[in-house]
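Please take a moment with the sequence and the model before reading on. The paragraphs below are meant for someone meeting this structure for the first time.

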Amino acid sequence: MEFLLDTANIDDIKKYQEIIPLSGVTTNPSIIKKEGKADFFDRLAQIKKLIGDKRSLHVQVVATTTEGIVADAHAVLAKLGKDVYIKIPVNQAGLAAIKILKKENVRITATSIYTELQGFLAIAAGADYLAPYYNRMENNNIDANKVISDLNQVINHEQRNTKILAASFHTVSQITSAIANGAQAVTVAPSFIAEGLESHLITDAISDFTSDWESIFGKTTISTL
Ligand code: G3P
């Protein structure tokens with residue numbers, strides 16, 4: 001199971017890579033926009049250095065023609081390194097670019113996936129990761145759990161190495177449903193880690209333990225007894 005952060009915010013990555021078992025960072029043009037006018041390559045190089053070689057960085061192309069997408073991918077790889085995953089939206093131009101780039105052994109994350117057809121084609125084209133958009137599917141009356149589980153079934157049946165990297169989450173339960181339905185990886189905004197780990201249930205339980213302990217031992221911890 002892999003947990004990635006869907007952000008280009010340096011402070012959040014610094015903070016949460018100490019907290020969660022972080023497998024990587026994903027970005028897209030909308031996430032980059034949230035950071036204001038940061039230098040694109042500079043920011044991504046900073047992120048890559050911060051997360052190190054053992055975690056993956058996924059960077060999305062912005063060109064919309066096959067030639068443009070391939071050129072964007074080459075530029076990203078030249079500036080940031082050959083181990084970067086190139087995120088490509090799965091439409092006709094994107095799928096054609098995925099085929100070209102896989103012949104060059106480029107690592108690909110096929111993104112903007114809403115349907116089984118997009119996913120199946122990306123699997124057949126050799127994509128390393130598929131990024132189905134959970135919340136956006138739900139908003140459009142598409143059963144996100146079914147799409148993820150169908151994709152997973154085909155991956156298993158065909159013994160493919162493609163992994164499902166579910167994305168676009170607006171609630172914590174969407175994240176857990178994606179994993180339960182077969183996503184091998186999820187990419188989440190940092191706020192959901194805080195939300196999922198600091199609910200009142202958890203903080204109340206910890207505070208009860210603290211007050212029970214302190215009622216007997218005062219303001220100590222085990223290490224300061
Ligand atoms: O990784 C894709 C994701 O960032 C899209 O999320 O919230 O714009 O649907 P959202």
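Predicted model: local features only at pLDDT ≥ 70, side-chain atom pairs only at ≥ 80, totals over all residues.

What follows turns to the ligand and its surroundings, and then to the aromatic rings.

Around the ligand are the residues D6, N28, I31, K87, Y133, R136, A167, S168 and H170. When this shell is sorted by class, it has 3 nonpolar, 3 polar and 3 charged residues.

Which side chains of this shell place a polar atom 2.7 Å, 3.1 Å or 2.9 Å from an oxygen atom of the ligand? For D6, a polar side-chain atom lies 2.7 Å from a ligand oxygen, while the side chain of N28 has an N or O atom that is 3.1 Å from an oxygen atom of the ligand. H170 likewise has a polar side-chain atom, at 2.9 Å from an oxygen atom of the ligand. On its own the ligand has 300 Å² of accessible area, and the protein covers 81% of it.

Turning to the aromatic rings, the structure holds 5 aromatic pairs. One of them is formed by Y85 and Y129, whose ring centres are 5.3 Å apart and whose planes stand at 75°; because planes over 60 degrees apart count as edge-to-face, this pair is edge-to-face. Y85 belongs to strand β4 (residues 85-89) and Y129 to strand β6 (residues 129-132), and the pair therefore ties together parts that are 44 residues apart in sequence.

Definitions and conventions: Residues numbered from 1 in each chain as written. Heavy atoms only, no water. Near = heavy atom within 4 Å. Polar contact = N/O pair within 3.5 Å; in protein donor to acceptor, adjacent residues only side chain to side chain. Areas by Shrake-Rupley, 256 points an atom, 1.4 Å probe, with all protein chains shown as cover. Nonpolar A, V, L, I, M, F, W, Y, C, P; charged D, E, K, R; others polar. Phe/Tyr/Trp six-rings, centres within 6.5 Å; stacked < 30°, edge-to-face > 60°. Helix = DSSP H or I, 4+ residues; strand = E, 2+ residues; numbered from the N terminus.
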